[in-house]
Amino acid sequence: MAKIAPSILAADFSRLGEDVKDVCSRGIDYLHVDIMDGEFVPNISFGPDVMKSMNSIATVPYDVHLMIVKPDRYIEKFITDNTEFITVHYEACDDLASTIQHIKDAGAKAGVSIKPGTAPEVLDDYLADIDLILVMSVEPGFGGQKFMDSSLPKIEYYAKKREELGLDYVIEVDGGVGAGNAHLVRDAGIDIIVAGSAVFKAADRTAEVAAIKGE
């Protein structure tokens with residue numbers, strides 16, 4: 001059974017607090033917080049103050065995904081008592097090893113994400129220091145995209161590497177996953193599934209969450 005991290009990017013921002021409170025009652029494991037800067041990706045989402053406004057509402061940890069260039073500038077701003085993971089993009093870091101250590105020194109677990117066009121082997125030298133690997137199954141920056149099957153071999157690659165090397169990082173997938181295809185990523189070895197529209201737009205959020213997790 002996988003864990004689930006609904007992305008608040010798909011929430012109704014006119015009633016964000018209510019939406020967050022509601023999904024937290026549906027059996028979710030994390031809140032996925034997508035931060036976009038308009039440079040690494042075309043869109044702009046929101047900043048740390050919006051995330052922190054949920055601190056008294058959220059009953060699950062934050063899984064923060066920084067889709068921004070030079071992420072070291074902002075790591076501390078996204079650290080709260082609710083923050084478990086801060087994930088940066090391999091493609092956006094000048095010195096990935098330094099950024100991973102920066103996240104850990106700031107008090108969070110360090111995640112690294114790769115885009116659909118990036119080979120999984122690029123993280124081989126960092127696997128022992130990473131707490132979470134996020135495989136993007138859509139191009140980052142837009143919600144509601146179709147799942148890319150090319151992400152499945154990457155998930156399998158990292159699951160195999162983890163076993164071979166005796167490591168304990170978790171593997172996450174983000175993009176286009178819902179109740180209808182979640183079994184594909186679960187079978188590939190995923191630990192955490194990010195789901196935005198699938199959960200927030202569902203007629204029955206509880207049923208959707210359970211189906212994605214494989215309960």
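Q: What is the relative accessible area of R162, a residue that counts as buried?
A: The model is predicted, with local features requiring pLDDT of at least 70 and side-chain atom pairs counting only at pLDDT 80 or more, while totals for chains, interfaces and linings use all residues. Residues are numbered from 1 along each chain as its sequence is written, and side-chain values use heavy atoms, with hydrogens and water left out. Buried means under 20% relative accessible area, exposed over 50%, and partly exposed in between (1.4 Å probe, protein chains only). R162 counts as buried because its relative accessible area is 18%.

Q: How many residues apart in sequence are the parts that R162 and D191 tie together?
A: The side chains of R162 and D191 meet in a salt bridge with an N to O distance of 2.7 Å, a salt bridge being a side-chain nitrogen of Lys or Arg within 4 Å of a carboxyl oxygen of Asp or Glu. Helices (H or I, at least four residues) and strands (E, at least two) are DSSP runs numbered from the N terminus. D191 counts as partly exposed because its relative accessibility is 23%. Since R162 lies in helix α4 (residues 151–165) and D191 in the loop between α5 (182–188) and β8 (192–195), the pair ties together parts whose separation in sequence is 29 residues.

Q: Which residue in helix α7 pairs with D19 of helix α1?
A: D19 counts as buried because its relative accessibility is 2%, and a salt bridge joins D19 to R15 at 2.7 Å, N to O. D19 also takes part in a salt bridge whose closest N and O atoms are 3.1 Å apart, and the partner there is R205. This pair links distant parts of the chain, 186 residues apart, with D19 in helix α1 (residues 16–24) and, in helix α7 (residues 205–213), R205.

Q: How many salt bridges does a search of the whole structure find?
A: Some of the charged residues form a network of salt bridges, linking R15, E18, D19, D22, R26 and R205. Within it, R15 counts as partly exposed because its relative accessibility is 33%, whereas D19 and R205 are both buried. For the whole structure, the number of salt bridges found is 10.

Q: Which residue has the side chain of opposite charge nearest to D34?
A: D34 lies in strand β2 (residues 31–36), and its side chain makes a polar contact of 3.1 Å with that of H65; such a contact is a pair of N or O atoms within 3.5 Å, where within protein one must be able to donate a hydrogen and the other to accept it, and residues adjacent in sequence count only if both atoms are side-chain atoms. D34 is buried yet has no salt bridge, and the nearest side chain of opposite charge, 12 Å away, is that of K201.

Q: What is the C-alpha to C-alpha distance between V60 and V20?
A: V60 lies in the loop between α2 (48–52) and β3 (62–67), and V60 counts as buried because its relative accessibility is 10%. Leaving aside neighbours within four places in sequence, V60 is in contact (heavy atoms within 4.5 Å) with residues including C24 and I28. V60 and V20 are 40 residues apart in sequence, and their C-alpha to C-alpha distance is 10.0 Å.

Notes
Lys and Arg count as positive and Asp and Glu as negative; His and the chain ends are not counted.
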